[in-house]
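Here are some questions and answers for a reader who is meeting this structure for the first time. Please keep the sequence and the model in view while reading.

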Amino acid sequence: MRLVRWIMILYLVVVLSNVAEAQCSICTKTAQQMGEKPAKALNSGIIYLAATPLALMGFIGYRWWKSNRDMF
């Protein structure tokens, strides 16, 4: 249960972070044409979509490591 709490905290930090820039060159050009507010919304959406699979992979990797660490 403690791990789930840390994953949720990390997830919220990544999603709510205004410092992170996750745009590729095509998204950057599109965002520049839209204006500042839509560009920030696009950037937040990209970070949100990237954080979910990364959090799931991290959780699965941790569970795998925890269950198999006695083997090594």
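Q: By about how much of the helix are E36 and K40 separated in α3?
A: In this predicted model, the side chains of E36 and K40 meet in a salt bridge, with 3.6 Å from N to O. Because the two residues are four apart in helix α3, the separation between E36 and K40 is about one helical turn.

Q: How many salt bridges does the structure hold?
A: A salt bridge needs a side-chain nitrogen of Lys or Arg within 4 Å of a carboxyl oxygen of Asp or Glu, and E36 and K40 meet at 3.6 Å. For the structure as a whole, the number of salt bridges is one.

Q: Is E36 buried or exposed?
A: A residue counts as exposed when its relative accessible area is over 50%. K40, the partner of E36 in the salt bridge, has 53% and is exposed. E36 itself has 60% relative accessibility, and therefore E36 counts as exposed.

Q: Which helices each supply at least two residues of the nonpolar patch?
A: The patch covers about 350 Å² of surface and is made by V4, M8, F59 and I60. I60, which lies in helix α3, counts as exposed because its relative accessibility is 56%. The helices that each supply at least two residues of this patch are α1 (2–16) and α3 (36–68).

Q: What is the count of buried residues in helix α2?
A: Helix α2 spans residues 25–34 and is followed by G35, whose phi is positive, near 115°. This helix is hardly covered, for among its 10 residues the count of buried ones is one.

Notes: Residues numbered from 1 in each chain as written. Predicted model: local features only at pLDDT ≥ 70, side-chain atom pairs only at ≥ 80, totals over all residues. Heavy atoms only, no water. Patch = residues over 30% accessible without salt bridge, like charges linked within 9 Å, V, L, I, M, F, W, Y side chains within 5 Å. Areas by Shrake-Rupley, 256 points an atom, 1.4 Å probe, with all protein chains shown as cover. Buried < 20%, exposed > 50% of the residue type's maximum accessible area, 1.4 Å probe, protein only.
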